[in-house]
Amino acid sequence: MKNTFYKPKDGWVGDLIPFSHENKFWLFYLHDERKGKHEDDYGFGTTWNLLVTTDGTDIKDMGVILPTGGIDDIDLSCYTGCVLKGHDDKFHMFYTAVNCDNPKFCHDGKALQYVMHATSENLIDWEKHYDTAFGADGEIYEIYDWRDPFVYYSEIDKCYYMLLAARQQGSSQKNGGCIGLCKSTDLWNWTICPPYYDPQAYLTHECPDLFKIGDWWYLVYSTFSERFVTHYRMAKSPNGPWVAPAEDSFDGRGFYAAKTAEINGERWAFAWVPSRRGNNDYGQWEWGGQLVIHKLTQLPDGRLCVSIPPAVHQEFCNENSIVSSYDDFSVDAPFMLKGDYKKNILPLSNLPDRCIIEADISFSSGIRHFGIGIGIRQDDEYSDGYYFRLEPFYNRVVFDMWPRREKGINQWYVDGDKPFLIELERPYRLTDKRMVHICLLIDGDSCSLYVDNSVALTSRIYNLNGSNWSFFAFDGNIEVNNIKLMTT
């Protein structure tokens, strides 16, 4: 089965737990059927399901590999964790166990979180070890946030370390989040240690991940208190000190809980693009959705940049004709779009609902903004639709749409005080450039824009019921060249 933004037929993709084995990505993930008691009960009763792929497009769905326990078990819901191969040649899984419905596993009416352990000989059949489950100590760490274990082996210390999304006991809610730490020599007996990383900046640090490329170590975690985003930090040692690059994230609101894995010398990040309630552009962002994959590349100074996975790009190998109502437009020649005195557009049509759009865009100094519109529920003025807008003055790429909210009876009821859709922006230094390459991947109601194989911005587009699209420029000029419209 060829996929771009993968979604199982009977559920949604939650947190990914990628593992590399035999030159394949084994993508364990939280399978959410959204069977909670209330509208906001996402992630209730999640199992671990498994996808296997070598390239991110040909994905084999292996179904449930870690079922939930019963009402009397600690893991009525199975949440995020990790998979590794131990020195005993067995595969070890550590995951978060939660049971909200049994008072035995709650305190003051609130569910406790535990680390559970399972083992396997083949990555498919897993044996749970309930007797080894453990929670936070209540002294260094509070007992309610103790999840998402990530285990790695230290050759220096000859022991295993476990990183966790945790909170320090007695800390404030806003700044008490930390990455907790446990230590073991055998993967069975764990000692709770002081925090591994404690910036005193977030409510918690979900889905921690740690890896090395060249001389640099990278610590990855996701937050939801300041904004929903996956951060990374850099250090020359797995023990820090950790420094933040100027741009410390991989994507925006549409790429959450990313964890990474490497095969054949390439490291990829796996996350989910959240659905929106009611499958509607104006609905609330939800927990879980569809699989999103980005390839990570290290720059000379150690920073990481993001690009489309090669096999995903190559899957779109059929070049489509590009249709415009402008007589002077030709795909074989650069097209100058003059927007010096007003917004100007290059109107195009026949946009497939699954495609890649690529182009090189040169832009004049001082231009206000330019970009690409898709949609397009657009009228003859190409006004209503979705927009990826590049703004050199602000050094950012943003995703926007019009209308931004359901229209009310008053003209001002349009969210005009918001410059774009909240949390859908990516910092990118455009003031030093005069040309960018864009690659926009569209598949149904999900899309990802890649700029210069460096920056990604992922979002949802639920009303893609028109085939019009366009390039646009405002307060300046652009030259659009090498336009391609590719399908599978």
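Author: A charge sits over a ring if NZ of Lys or CZ of Arg is within 6 Å of the ring centre and within 35 degrees of the ring normal. This is a predicted model, in which local features need pLDDT of at least 70, side-chain atom pairs count only at pLDDT 80 or more, and totals for chains, interfaces and linings use all residues. Residues are numbered from 1 along each chain as its sequence is written, and side-chain values use heavy atoms, with hydrogens and water left out.

Reader: Over the face of which ring does Arg-276 lie?

Author: Arg-276 lies over Trp-285, at 4.1 Å from the ring centre. Likewise, Lys-343 is placed over the face of Tyr-387, 5.1 Å from the ring centre.

Reader: How is a pair of aromatic rings described?

Author: One gives the distance of the centres and the angle of the planes. Rings of Phe, Tyr and Trp (its six-membered ring) pair if their centres lie within 6.5 Å; planes under 30 degrees apart count as stacked, over 60 as edge-to-face and the rest as tilted. By this rule there are 31 aromatic pairs. For Phe-25 and Trp-268 the centres are 5.0 Å apart and the planes stand at 35 degrees, so this pair is tilted.

Reader: Are Phe-25 and Trp-268 buried or exposed?

Author: Buried means under 20% relative accessible area, exposed over 50%, partly exposed in between (1.4 Å probe, protein chains only). Phe-25 has a value of 0% and is therefore buried; Trp-268, at 4%, is buried too. Trp-268 also forms a tilted pair with Phe-270, with 6.4 Å from centre to centre and 40 degrees between the planes.

Reader: Which residues do ring pairs link into a cluster?

Author: The cluster consists of Phe-224, Phe-228, Tyr-256, Trp-272 and Trp-287.
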